[in-house]
Amino acid sequence: MARNKGLIAAQKAKKDEFYTQLADIENELRHYTGHFRGKVVYCNCDDPRVSNFFRYFSLNFARLGLKKLITTCYKNQQMDLFSRHDAEKAIYLEYDGTVNENGVPSVEEIGVHHLDGDGDFRSAECIALLQQADIVVTNPPFSLFREYMAQLMEYEKKFLIIGHQNAITYKEIFPLIKNKEVWLGYGFKGGATHLIAPNYEDYAVAGDHKEGMIRVSGVVWFTNLDHKKRHEELILYKRYSPEEYLKYDNYDAINVDKTKEIPYDYAGAMGVPITFLDKFNPDQFEIVSANDIRADTAVPYKAHGLIKDKDGAINGKPTYVRIVIRNKRRQP
Ligand SMILES: C[S@@+](CC[C@H](N)C(=O)[O-])C[C@H]1O[C@@H](n2cnc3c(N)ncnc32)[C@H](O)[C@@H]1O
């Protein structure tokens with residue numbers, strides 16, 4: 001039993017050991033340049049010796065006008081086997097932008113400090129560093145995403161982090177999106193990327209295979225930093241017709257299968273796919289809780305506030321998970 005538990009924990013830890021490519025960080029971060037001037041950036045799931053987040057911010061320190069860069073590295077106590085970093089202890093590093101004749105000094109030259117604990121982002125010493133930070137930027141462990149986000153909220157931090165789109169539907173996450181406390185960033189081309197995965201076999205089809213990497217689909221950036229795309233108008237071209245846009249059995253809303261097919265002339269609630277969030281302009285649409293449009297009180301209350309599972313049926317046939325929205329420009 002104990003051995004089995006250890007194995008499950010090991011598998012989980014292994015799944016967390018993916019590293020982000022520098023190109024993906026550059027592609028996203030170029031849209032937020034103005035947010036970083038005079039700011040303390042914290043990467044709290046990052047070994048500075050291997051993290052491209054550390055690399056990106058140290059190389060662009062002066063250009064972004066940063067005040068300080070802090071990174072902490074988690075030392076998984078049991079799973080050394082899978083970890084890319086093999087130091088004895090968890091470490092942290094603080095960089096103030098000083099350069100030498102070679103440009104950015106090496107990690108050793110900057111100087112690493114040992115943490116007392118294992119560098120868990122929830123530990124008191126990491127929280128003390130978090131409190132110094134203005135913006136947190138990283139790719140945190142997918143398996144701890146709920147707790148990770150809850151901590152950012154608790155300490156009221158600005159952030160730009162990678163996560164899986166499945167997290168959108170978590171009951172802990174979706175209400176934050178609905179309340180405009182969290183939104184999506186620009187994202188990855190085609191909603192997928194390759195993460196550096198030294199311990200993994202990639203089963204991607206030949207054309208998509210990259211040595212030492214794993215293809216991950218459904219990855220997104222979550223943020224509370226404003227950006228331009230979020231204010232772009234979604235151009236709508238379809239007219240509403242009751243034949244084409246059916247109503248849910250249990251919710252007072254029409255179903256829309258594709259974001260681009262949102263009817264421009266419909267004023268009521270509409271269920272749209274979660275990929276809508278990629279086009280979500282809060283000046284154009286508002287997100288509504290599915291609980292507020294239940295056809296009657298017998299329909300169960302859902303903590304996440306989405307149209308989901310068997311209650312989201314149309315003529316008795318279940319649909320995919322849906323976000324409920326209203327067109328703000330069409331409201332009576
Ligand atoms: C998806 S990887 C990404 C690593 C790095 N941020 C990057 O993007 O290249 C998540 C990292 O979080 C670390 N980690 C796992 N549990 C952690 C915890 N409780 N606190 C801090 N880091 C943790 C893992 O060791 C792993 O290196």
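Mentor: Two residues are in contact if their C-beta atoms, placed from the backbone, lie within 7 Å. In this protein, 68% of the contacts with a separation of 6 or more are between residues 24 or more positions apart.

Trainee: What kind of model is this?

Mentor: The model is predicted: local features need pLDDT of at least 70 and side-chain atom pairs count only at pLDDT 80 or more, while totals for chains, interfaces and linings use all residues. Residues are numbered from 1 along each chain as its sequence is written.

Trainee: How many helices and strands are there in the protein?

Mentor: Helices (H or I, at least four residues) and strands (E, at least two) are DSSP runs, numbered from the N terminus. The protein has eight helices and 14 strands.

Trainee: In what order do the eight strands of the open sheet stand?

Mentor: Two strands pair if DSSP finds at least two bridges between them. Here the order is β4-β3-β2-β1-β5-β6-β10-β7, with mixed pairing. The edges are β4 (113-114) and β7 (183-184); each has a single partner strand, so one side of each lacks a neighbour in the sheet.

Trainee: Which way does β6 run against β5 and against β10?

Mentor: β5 (residues 135-138) pairs with β6 in the parallel sense over four bridges, and Val137 has Leu160 of β6 as its bridge partner. Between β5 and β6 the chain passes through helix α7 (residues 145-154), and this β-α-β crossover is right-handed; that is, with the strands pointing away from the viewer, the path from the first strand over the helix to the second runs clockwise. β6 and β10 (residues 219-223) run antiparallel, joined by five bridges; Ile161 stands opposite Phe222 in β10.

Trainee: Is β6 (residues 158-164) mostly covered or uncovered?

Mentor: A residue is buried if 20 or more other C-beta atoms lie within 10 Å of its own, exposed if 12 or fewer, and partly exposed in between, with C-beta atoms placed from the backbone. β6 is mostly covered, with five of its seven residues buried. In the protein, 34% of the 332 residues are buried.

Trainee: Why is helix α3 largely enclosed by the rest of the structure?

Mentor: In α3 (residues 52-59), six of the eight residues are buried, so the rest of the structure largely encloses this helix. The buried ones are Asn52, Phe53, Phe54, Tyr56, Phe57 and Ser58. They pack against several elements, including α2 (22-29), β1 (40-43) and β5.

Trainee: Is Ala298 buried or exposed?

Mentor: Ala298 has 7 other C-beta atoms within 10 Å, so this residue is exposed. Ala298 lies in the loop between β13 and β14 (323-327). Its C-alpha atom is 9.0 Å from that of Asn250, 48 residues away along the chain.

Trainee: Which sheet do β13 and β14 belong to?

Mentor: They belong to an open sheet of four strands with mixed pairing, in the order β11-β12-β14-β13. β11 (254-255) and β13 (285-288) are at the edges, each with a single partner strand, so one side of each has no neighbour in the sheet. Two bridges pair β11 with β12 (residues 270-272) in the parallel sense; Asn255 has Gly271 in β12 as its bridge partner.

Trainee: Which residues come nearest to the ligand?

Mentor: A residue is near a molecule if its C-beta atom, placed from the backbone, lies within 6 Å of it. Of the 20 residues around the ligand, Tyr19, Thr20, Cys45, Tyr74 and Asn139 come nearest.
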